[in-house]
Amino acid sequence: TDYDSSVAINEAVGSVFHEDRIFRIDHYLGKEAVQNLLALRFANSLFEPLWNSSAIDNVQITVAETVGLEGRWGYYDDSGALRDMMQNHVLQLLALVAMEPPHLFEPNEVRNEKTKVFRSLRPLTTHTVAANTVRGQYATGTAGGIAVPGYNQEPGARESPKKGNSDTETFVALRAEIDNWRWAGVPFYLRTGKRMQSRRTDIVIQFKTVPHNIFAADEPTLQANRLVIRLQPQESVVLQILSKQPGLEGVRLREVPLELSLPKDESGGRTRIAYERLLLDALKGNTTLFVRRDEVEAAWKWIDGIQNSWRSTRQLVKLYPAGTWGPTAAIALTERHGHSWYE
């Protein structure tokens, strides 16, 4: 639940097993599209020279769920979205996007670079947490065309000590910054929530626009290139580029998607689910896609800083109707910096 309890668990397990025999599973790391991200970055000369603050405007990571608590109110109320999803899944995706190229695709080399990312995250303090984070909680609304209760009307809420008056967050959006040479000045927008409009997990790399528009007479505004890595519900990697529309009316441009992922029917075999891949790697003793102790503890330190700052400043949750993209404050979080969520 926090850094201290993580250390206690790691000490207990580490007293019996060596670190290279411990496999901490985060199933997101077993997804095909996540591993394809590493291949795109480190096997292609096209992307790596552009993968920095010179070419990238912002990065967005969204992990959205349409489900509610599914009968787990007691567990979830002691956790909340920040600790349930942000500390593990979202930060692991952030690390893979932001890490430096490892010397080799070897377990400790990869995990060393991920840990450096967590240690470079700028802390969110009592002075900065309000401007850079949004806490939300779903209220009554609709999901899949069906009316659903709010968080405090879910089964188990009334029977809890809080009597249906919990302020636990079911949605978190935040603006993170990584203090190193590669990413200085590039905001990372992270959000996760329950009872949202659609089930989706995306990593969006928003590139900067070209420095000068030579087509201004026909196209006053050019859309910047965008790389969208979708993990669920269907895994895909799509690069949005601009291309001329056919015709004689000058140079009219349109966005064209380049599909970079391999179609399932051409993969040469059945697609492995994430847990299957990770369990097979565990049997082979390959720890590359598993989380090392120092990674976990560095992530918890950063998350604890947010949690403690929320507590100190008494930052309230903002209600959002079930079936939407979260509180309106999450929109303002990006738009005050001239950005918009990819939806």
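The following conversation goes through how some terms apply to this predicted model.

Visitor: What kind of model is this, and how are its residues numbered?
Guide: The model is predicted, with local features needing pLDDT of at least 70, side-chain atom pairs counting only at pLDDT 80 or more, and totals for chains, interfaces and linings using all residues. Residues are numbered from 1 along each chain as its sequence is written, and side-chain values use heavy atoms, leaving out hydrogens and water.

Visitor: How many helices and strands does the protein chain have?
Guide: There are nine helices and 11 strands, where helices (H or I, at least four residues) and strands (E, at least two) are DSSP runs numbered from the N terminus.

Visitor: What makes a residue count as buried?
Guide: Buried means under 20% relative accessible area, with exposed over 50% and partly exposed in between (1.4 Å probe, protein chains only), and 50% of the 343 residues count as buried.

Visitor: Which residues of helix H9 are buried, and why are they said to lie on the same side?
Guide: In H9 (residues 328–335), Ala329, Ala330, Leu333 and Thr334 are buried. They cover an arc of only 145° around the axis, which puts them on the same side of H9, the arc being that of the directions from the helix axis to the C-beta atoms.
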